[in-house]
Amino acid sequence: MTTSPAAAPAARDLFEPARLGPLDLPNRLVMAPMTRNRAAADGTPPPIMAEYYAQRAGAGLIIAEATTPNRVGATYPNIPAIHRDAHVEGWRAVTDTVRAAGGRMFLQLQHGGRIGHPETSGLHPVAPSPVPFPGPVHTPSGPRPAVVPREMTAEDIRATVEDFANAARNAVAAGFAGVEVHAANGYLLHQFLGQDTNRRTDAYGGPVAHRIRFTVEVVRAVADAIGPERVGVRIAPGVTANAMAEGDTEAIYPELVAALAGIGPAYLHVVFADPGQALFRELRAAWPGTLIANPVLGWGGPLPEDGGRAAAERLLAAGADLIALGRPFLANPDLVHRLRTGAPVNQVRDRGLMYTGGAEGYTDYPALHTPATAPRPAPAPAGG
Ligand SMILES: Cc1cc2nc3c(=O)[nH]c(=O)nc-3n(C[C@H](O)[C@H](O)[C@H](O)COP(=O)(O)O)c2cc1C
């Protein structure tokens, strides 16, 4: 059988504009959310975060790092929050600076669940079930053994859903175009999805229809609060980060995605998307809206020499609409320009600097037009 060339869908181009909810994106490259622990201890973003994100405003869309919707959800020290006025003010300075630099932002909302610690949040962590994280967690005084989380009551669940909706309203007030609900990577929503972390016997545990309920309720409440066109959802099918053991991955995600599609969010964002994987292809076919795919670039080693362009193009060819890249954007403020021109990419300098405070390894990655060793002007003579 032969196919007529006219029947072939037009190949998508990474560097062409795209529409996303209320936004016109100048290209199909998305900066993936990345926790960088540069916020103040109370979760307020300081000016250096505005500088960091504005440097990366060439992304089609920036999804700002995991941000806490309530006190108990604070996962790690110095991650940003969005449940107090000071948080909104701090974030507004970030979104204003990014907008002035020509960029657009969504904010990722993350509740850590069992990954939290009393030393970090001042509160005992909560989770679907009292199943502790099997390892140390980060606290302000260094790694500490995880505590056994308190099982969430029906009232905790209702209040947490409302906290996500309020956080989304705050995010819009702070100038974000929308929010991404974090249902990936082993945090609270993912803990509800997986069998090992969710041992409940009520309407939120047991069969898949029950385990997806909390995530669906959060997404619906957030969509009701700010409009579904301003909401994205991040999922990580089969990903074992943070000791996740879903058990029945192949059953969870088709049912979750069908339920989310009924709410009509702006996008679904798949972590470690693999175009060769049957589940990825199934989810792409089932999802009627925009699909953002975050390719597998290899975790421990260096970034690919092409900055991830070939992996991104494979996913576009497999039906993804937008491509999210993490570490390539972390190390390359002008990543879109480098990928478009084939210029070499900066490697991540020191993994230790990913999560530490300050400008080093944060705002000091050079763009091509600002050499790292630019000569300094001579100081003017004193008293002259
Ligand atoms: C420093 C760092 C922080 C991260 N923080 C988050 C986060 O806050 N939320 C999230 O969903 N994923 C987070 N991730 C995962 C990235 O969004 C992305 O999925 C991962 O880095 C793989 O993409 P890459 O190979 O392009 O880096 C983080 C990754 C890194 C390297």
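Before going on, some housekeeping. What you see above is a predicted model, where local features need pLDDT of at least 70, side-chain atom pairs count only at pLDDT 80 or more, and totals for chains, interfaces and linings use all residues. Residues are numbered from 1 along each chain as its sequence is written, and side-chain values use heavy atoms, with hydrogens and water left out.

Back to Asp-156. You'll find this residue in helix 4, residues 154–173. When I say helix or strand, I mean DSSP runs numbered from the N terminus: H or I with at least four residues for helices, E with at least two for strands. And what does Asp-156 contact, leaving aside its neighbours within four places in sequence? That would be Arg-150 and Glu-151, where contact means heavy atoms within 4.5 Å.

Okay, on to helix 1, residues 47–55. Here Met-49, Ala-50, Tyr-52, Tyr-53 and Ala-54 are buried. What covers them? The cover includes strand 3 (29–31), strand 4 (61–67), helix 2 (85–100) and strand 5 (105–109).

Let's stay with strand 5 for a moment. Five of its five residues are buried. In a regular strand the side chains alternate between the two faces of the sheet. In strand 5 both faces are covered, with Met-105, Leu-107 and Leu-109 on one side and Phe-106 and Gln-108 on the other. Strand 5 also runs parallel to strand 4, and four bridges join the two; strands pair if DSSP finds at least two bridges between them.

Now compare strand 7, residues 136–139. Which residues are on its covered face, and which on its uncovered one? Val-137 and Thr-139 are on the covered face, while Pro-136 and His-138 are on the uncovered one. Strand 7 runs antiparallel to strand 8, residues 142–145, and four bridges join them. The hairpin between these strands goes through two residues, and Pro-136 stands opposite Pro-145 in strand 8.

Val-147 is buried, with a relative accessible area of 18%. Beyond its neighbours within four places in sequence, Val-147 is in contact with His-117, Pro-118, His-124, Pro-125 and Pro-132. Also, Val-147 and Gly-116 are 31 residues apart in sequence but 8.5 Å apart in space, C-alpha to C-alpha.

Next, the ligand. There are 19 residues around it, and Thr-35, Arg-234, Asn-294, Gly-326 and Arg-327 come nearest; to be counted as near, a residue needs a heavy atom within 4 Å. His-182 has a polar side-chain atom 3.0 Å from a ligand oxygen, and for Arg-327 a side-chain N or O atom is 2.6 Å from an oxygen atom of the ligand. On its own the ligand has 600 Å² of accessible area, and the protein covers 95% of that.

Last topic: charges. Side chains of opposite charge can pair when their charged atoms come close. I count a salt bridge when a side-chain nitrogen of Lys or Arg is within 4 Å of a carboxyl oxygen of Asp or Glu. How many are there in the whole structure? A search finds 17.

Here are a few of them. Glu-162 and Arg-169 meet at 3.7 Å, N to O; Glu-162 is partly exposed at 33%, and Arg-169 is partly exposed at 37%. Arg-199 bridges to Asp-196, with the closest N and O atoms 2.9 Å apart. Arg-199 counts as exposed at 52%, whereas Asp-196 is partly exposed at 28%.

Then there's Arg-284 with Asp-321, whose closest N and O atoms are 2.8 Å apart. Arg-284 lies in helix 9 (residues 278–286) and Asp-321 in the loop between helix 10 (309–317) and strand 14 (322–325), so this pair ties together parts that are 37 residues apart in sequence. Arg-284 is buried at 14%, and Asp-321 is buried at 12%. Finally, Arg-12 joins in: Arg-12, Arg-284 and Asp-321 are linked in a network of salt bridges.

Definitions and conventions:
Buried means under 20% relative accessible area, exposed over 50%, partly exposed in between (1.4 Å probe, protein chains only). A polar contact is a pair of N or O atoms within 3.5 Å; within protein, one must be able to donate a hydrogen and the other to accept it, and residues adjacent in sequence count only if both atoms are side-chain atoms. Accessible areas come from the Shrake-Rupley method with a 1.4 Å probe; for residues, only the protein chains shown count as cover.
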